[in-house]
Amino acid sequence: MSRLEAALQDLRTLDTLATRDNALTRRDARAQLLVTLGFLVTVVSFDRYRVAALLPLVLFPAVLAAWGEVPGRTLWRALALAAPLALMVGLFNPLLDRTPMLGLGALQISGGWVSFSSIVLRVALTVSAAVILVAGCGMPGLCAAMVRLGVPSVFTVQLLFLHRYLFVLSGEALRLGSAYRLRAGARRLDLALYASLTGQLLLRALARAQRVHQAMLARGFDGELRTLDGLRWQPADTLFVTGWLAFFVLVRSVDLPLALGRLVTGVLVGLLAGLGT
Amino acid sequence: MHMADALLSPATGAAMWLASGGVMAWSSRQLRERADDRLVPLMGMLGAFVFAAQMINFSIPGTGSSGHIGGGLLLAVLLGPHAAFVVVASVLTVEALFFADGGLLALGANLFNLGVLPCLVAYPLVFRPLAGAATTPRRTTFAAVVAAVVGLQLGALAVVLQTVASGISNLPPGAFLALMLPIHGAIGVVEGLATAALLLFLHRARPELLDAAQSGAARAPMRRGLAAGALATLLVSGVLSWFASSQPDGLEWSLAHAAEGEVLPPSSPGLHTRLAALQQRTAWLPGYGWPAAEPGTAPATAADAAAATPKAAVWPEVDATTSLAGVAGGALTLVLVTAIALGLRRRRTRA
């Protein structure tokens with residue numbers, strides 16, 4: 001299965017997840033969008049040499065994925081698709097920044113490896129947050145939230161249309177591709193054939209757009225797309241937003257893992273000292 | 001190439017969001033004024049087409065690799081620049097949301113690099129003047145290739161500028177540019193050829209479509225206003241990125257700068273900026289260090305002696321106790337988070 005085919009399958013999975021009734025999908029889409037944006041800003045606001053301090057933030061995608069019943073496999077697949085670019089650029093850090101930064105006994109870890117690990121962690125956090133956002137509110141919910149938050153409706157209507165016809169046209173493209181492969185054998189697709197193949201797809205897309213427009217007109221379309229957004233802000237949404245934002249502020253201002261580590265190592269040393277005497 | 005959240009600083013991300021958000025508001029207003037309700041399904045369908053067409057690859061002779069259309073330029077020819085920008089923006093948003101291509105904070109940067117630059121800069125300033133009114137195959141191909149190359153080179157340059165301004169990657173700008181520009185030059189030629197081939201096919205199959213698109217685009221208020229808008233956006237984002245680059249992490253950087261000013265006078269600007277983050281870290285770690293691991297022993301180690309003088313403590317001594325506390329704490333945090341998540345999942349499956 002190609003990269004895009006796999007991605008399309010995941011897209012369907014996310015759509016299905018958003019229609020379920022669970023602790024995450026019951027939250028207002030605006031609340032989910034706001035909290036996710038707060039999370040992303042918190043993640044990227046950390047200094048590039050911070051790794052451990054970022055770890056408590058893993059709680060956010062972990063808890064939301066559990067609430068929203070998002071399978072780990074879906075998250076992994078999204079990560080595998082998104083990671084290569086950031087990793088490619090990030091891999092230069094260990095090569096270019098060799099100043100030692102962390103020391104554990106004889107093992108010295110350079111600043112480059114520390115910042116590389118930070119990049120890897122950032123990728124994991126930001127990618128999973130985006131995927132969980134979609135799994136929580138779905139495309140219609142997300143577009144409704146965007147409209148309520150002031151995004152131009154021209155854009156959200158476009159997003160809804162794109163989302164609706166993505167599967168239709170992608171399916172056609174995949175069938176065209178496999179039909180060509182079945183007939184052409186080992187012969188590869190050259191530019192002239194490519195143009196007529198994608199050109200046919202384009203002509204069909206244009207014809208379909210015309211039919212859809214006719215159908216819309218028949219149903220009283222006057223240039224404005226009216227949707228029922230069904231968004232209702234509840235007290236639980238306020239709690240959801242304030243709770244998570246407070247957690248982000250806490251993680252951002254206090255290095256929780258270091259404090260925890262200090263506590264544990266301190267207790268251990270105290271115990272050892274107690275045993276020694 | 002998509003810019004990624006992981007490589008972006010909040011300041012640069014916000015600057016690019018502002019620039020792209022402004023262009024989006026402006027394009028939406030232009031479309032509203034055009035008031036062509038046929039555009040609604042047409043734009044949606046063409047967005048889906050661009051997505052689908054990326055599933056079909058043609059082989060590039062002699063290289064063993066393959067290519068496909070980019071989309072921005074083709075959409076601009078078919079729909080006009082404003083509608084094309086909105087469509088490209090929707091495709092990039094779906095990619096960011098569903099396929100996590102780039103990410104949500106980087107979306108502003110990606111809209112600018114892959115939407116504004118090809119649709120609102122390369123199309124009106126390069127493709128239209130070069131292609132003119134006549135649609136001879138040679139001229140269309142030439143215009144498409146040049147416009148695609150210009151659009152992609154500008155995009156690659158923008159990715160490098162945004163990465164450097166963010167200061168997360170250590171890659172020097174020169175080397176990064178040397179890596180990015182040739183690759184994107186080659187991709188630009190391939191994309192330009194594919195776009196031209198598709199346009200010529202369309203010209204043969206349904207010439208009226210292209211004529212209608214071009215007259216529609218010409219009717220829309222374009223030209224000077226558009227060029228001025230695009231240039232203003234470039235300038236604004238350039239200036240904003242420059243501000244962002246002088247303060248890679250906003251508050252964090254100013255804190256580091258302030259603290260470091262007391263300890264060590266800056267020797268050279270390049271080194272000083274680079275070390276600022278390190279210094280902030282090392283200046284703040286001793287406060288969390290292992291409290292008197294061996295009570296009663298004299299500060300015999302180099303680290304302890306160095307800690308007495310703030311300047312020497314800054315670098316390159318590595319505080320092993322703090323490192324240990326950090327690693328242990330990090331591991332414990334992960335264990336705790338995993339336990340909470342597993343607990344939640346188990347409760348859910350039982351319920």
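How do strands β1 and β2 of chain A pair, and over how many bridges? I looked this up before anything else. β1(A) (residues 100-104) and β2(A) (residues 107-110) run antiparallel, with four bridges between them. Here strands are DSSP runs of E of at least two residues, helices are runs of H or I of at least four, and both are numbered from the N terminus; two strands pair if DSSP finds at least two bridges between them.

A note on the source: this is a predicted model, where local features need pLDDT of at least 70, side-chain atom pairs count only at pLDDT 80 or more, and totals for chains, interfaces and linings use all residues. Residues are numbered from 1 along each chain as its sequence is written, chains are lettered from A and ligands numbered from 1 in the order written, and side-chain values use heavy atoms, leaving out hydrogens and water.

Back to the hairpin. I found Leu102(A) opposite Ile109(A) of β2(A). Two residues sit between the strands, and Gly105(A) has a positive phi near 65°.

Next I checked chain B. I noted 14 helices and two strands. Of its 351 residues, 51% are buried (under 20% relative accessible area; exposed is over 50%, partly exposed in between; 1.4 Å probe, protein chains only). I also looked at contacts (heavy atoms within 4.5 Å): among those between residues at least 6 apart in the sequence of chain B, 73% join residues at least 24 apart.

Last, I looked up Met88(A). Met88(A) lies in helix α4 (residues 72-90) of chain A and is partly exposed, at 39% relative accessible area.
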